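This report goes through selected local features of one protein model. Please keep the sequence and the structure open while reading.

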Amino acid sequence: MEETIVLVVGAGPAGLGIAACLSQKCIPYIVLEREDCCASLWKKRAYDRCHLHLAKEFCSFPLKPHAPEANKYMCKDDFIDYIDEYVEQFEITPRYYHSVESASFDENNGKWLVEARHTENNVTKLFVSSFLVVASGENGKGYIPDIPGLNDFKGDFMHSSEYKSGRQFRDKDVLVVGCGNSGMEISYDLSNSGANTSTVIRNPVHVVDREMVFVAMQLVKYLSLSTVDALVSFASKLKYGDLSKYGIFRPKEGPFFLKINKGRSPVIDVGTIAKIQSGDIKVLPGIERINKNKVVFKDKVELDFDAIIFATGFKSTACEWLKDYDYILKDDGFPKNRCPNHWKGKNKLYCAGLSRMGIQGATKDAIAITDDIEMVLGNPN
Ligand SMILES: Cc1cc2nc3c(=O)[nH]c(=O)nc-3n(C[C@H](O)[C@H](O)[C@H](O)COP(=O)(O)OP(=O)(O)OC[C@H]3O[C@@H](n4cnc5c(N)ncnc54)[C@H](O)[C@@H]3O)c2cc1C
Ligand SMILES: *[C@@H]1O[C@H](CO)[C@@H](O)[C@H](O)[C@H]1NC(C)=O
Ligand SMILES: *[C@@H]1O[C@H](CO)[C@@H](O)[C@H](O)[C@H]1NC(C)=O
């Protein structure tokens with residue numbers, strides 16, 4: 001058994017930011033991480049061509065802005081270098097191979113009891129802490145919808161988190177399901193690699209480009225959300241025109257409204273739309289079922305595919321191990337309270353990085369949480 005003041009679950013951007021802020025305030029802590037490295041989402045589960053889709057000023061951790069010479073939209077490898085420098089600079093030493101399997105609040109002594117299993121030898125160790133921070137991420141496990149016949153599909157299928165590059169798909173017929181940022185960028189990557197690429201777009205989406213988002217993120221400081229949404233929608237119409245003939249429909253609500261209120265991100269186009277307009281990437285409707293190597297679509301069209309990539313999102317896994325989650329989370333593993341009041345629960349329980357606000361959101365949470373912990377320690381009653 002080991003005791004500390006703050007226990008942090010997860011060594012991604014959110015957990016590392018908390019660790020750095022706690023170090024600066026000289027508050028003892030332990031970070032538990034199930035993988036053998038920090039930021040495992042970025043190091044192990046992101047495709048090769050992935051770039052930050054937001055400008056670097058919106059993607060820095062607490063206490064360390066990006067270098068002036070860094071690219072505005074950093075590539076994955078540069079971002080990983082920044083993370084490794086951060087860990088070194090703030091002397092963060094996560095306990096790797098520690099998978100948290102249970103955490104519960106002990107009413108008798110007012111402490112959190114956390115059980116972590118060592119992933120190499122399955123030995124379980126008990127940790128005790130005054131504060132518990134859930135920083136296990138929104139992307140705990142990949143989600144693949146339950147499509148009839150999928151398990152008998154004759155080709156290969158994978159989740160976007162397992163996709164690295166299009167190299168292995170050259171000359172193959174590939175279907176990408178899901179039109180979020182990962183799905184759209186993977187379609188682009190596949191098509192560039194010589195795969196015959198089709199993509200399922202089922203729900204309405206806003207399509208914008210990086211610069212529109214960049215300008216809008218400055219403007220929201222001065223203008224109302226609805227004004228910014230109107231400007232962004234106008235810019236998007238000018239650049240992309242009417243995409244409904246390709247099966248891409250614009251939602252009724254604006255892009256920033258949807259991001260802030262529903263956690264739904266607009267698609268930040270990296271070149272996929274031009275490929276859809278030129279016919280290099282085909283857009284298909286929802287899938288009804290799968291029959292051996294044929295995919296049957298809602299419009300009854302049947303097409304053969306060699307592979308399917310599911311860019312259908314992730315699930316938060318915090319509720320699988322956090323026993324007393326109703327102090328802060330709903331059953332789906334996301335915060336009960338709306339942003340910006342989402343990060344604090346009962347009994348010194350906090351969550352960071354679960355507000356669907358990306359790295360900037362994780363950074364804000366880390367600062368708010370560590371300030372709160374410092375205050376509670378200063379005034380224990
Ligand atoms: C492909 C992709 C691109 C993205 N691009 C951007 C972008 O450009 N800008 C942006 O702002 N956001 C982006 N995001 C959003 C992303 O959620 C954040 O970038 C960021 O990684 C979130 O940090 P986090 O620490 O909250 O979660 P994560 O990075 O997921 O880290 C959580 C960590 O907790 C560990 N963990 C989970 N469960 C346990 C457990 N039970 N025990 C121990 N450890 C555990 C995991 O192994 C992981 O290392 C992107 C996401 C994806 C998938
Ligand atoms: C640890 O447990 C997992 C699942 O419970 C099992 O598959 C694995 O073989 C175990 N490893 C060791 C070293 O005991
Ligand atoms: C590409 O895929 C589409 C959709 O499955 C199919 O209709 C078309 O015949 C394929 N083209 C080639 C050259 O294989």
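Where does asparagine 347 lie? Asparagine 347 is in the loop between H9 and S18. The model is a predicted one, and the values below are computed from it.

**Backbone features**

The phi angle of asparagine 347 is near 55°, a positive value in a residue other than glycine. With a relative accessible area of 28%, asparagine 347 is partly exposed. Proline 340 is also placed in the loop between helix H9 (318–321) and strand S18 (349–351). The peptide bond leading from cysteine 339 to proline 340 is cis, and its omega is near 5°. A positive phi is also found at leucine 63, where the value is near 70°. Leucine 63 belongs to the loop between helix H2 (40–44) and helix H3 (76–89), and its relative accessibility of 42% makes it partly exposed. Most residues other than glycine have a negative phi, and most peptide bonds are trans.

**Salt bridges**

The model has 20 salt bridges. The table gives some of them.

| Glutamate 2 | Lysine 125 | 2.5 Å |

Glutamate 2 is partly exposed at 22% relative accessible area, and lysine 125 is partly exposed at 29%.

Glutamate 101 is in strand S3 (residues 98–106) and arginine 117 in strand S4 (residues 111–118), so parts 16 residues apart in sequence are tied together. Elsewhere, salt bridges with shared partners join Arg34, Glu35, Asp36 and Lys44 into one network.

**Ligand 3**

Which residues surround ligand 3? They are Asp173, Asn196, Ser198, Lys282, Leu303 and Phe305. This shell divides into two nonpolar, two polar and two charged residues. A side-chain N or O atom of asparagine 196 is 2.4 Å from an oxygen atom of ligand 3. The protein buries 48% of the 370 Å² that ligand 3 exposes when taken alone.

**Surface patch**

Tyr222, Leu223 and Leu231 make up a nonpolar surface patch, together with about 330 Å² of accessible area. Leucine 223 sits in the loop between helix H5 (210–219) and helix H6 (225–240).

Note on methods: Residues numbered from 1 in each chain as written. Chains lettered and ligands numbered in written order. Predicted model: local features only at pLDDT ≥ 70, side-chain atom pairs only at ≥ 80, totals over all residues. Heavy atoms only, no water. Near = heavy atom within 4 Å. Polar contact = N/O pair within 3.5 Å; in protein donor to acceptor, adjacent residues only side chain to side chain. Areas by Shrake-Rupley, 256 points an atom, 1.4 Å probe, with all protein chains shown as cover. Nonpolar A, V, L, I, M, F, W, Y, C, P; charged D, E, K, R; others polar. Patch = residues over 30% accessible without salt bridge, like charges linked within 9 Å, V, L, I, M, F, W, Y side chains within 5 Å. Salt bridge = Lys/Arg side-chain N within 4 Å of Asp/Glu carboxyl O. Helix = DSSP H or I, 4+ residues; strand = E, 2+ residues; numbered from the N terminus. Buried < 20%, exposed > 50% of the residue type's maximum accessible area, 1.4 Å probe, protein only.
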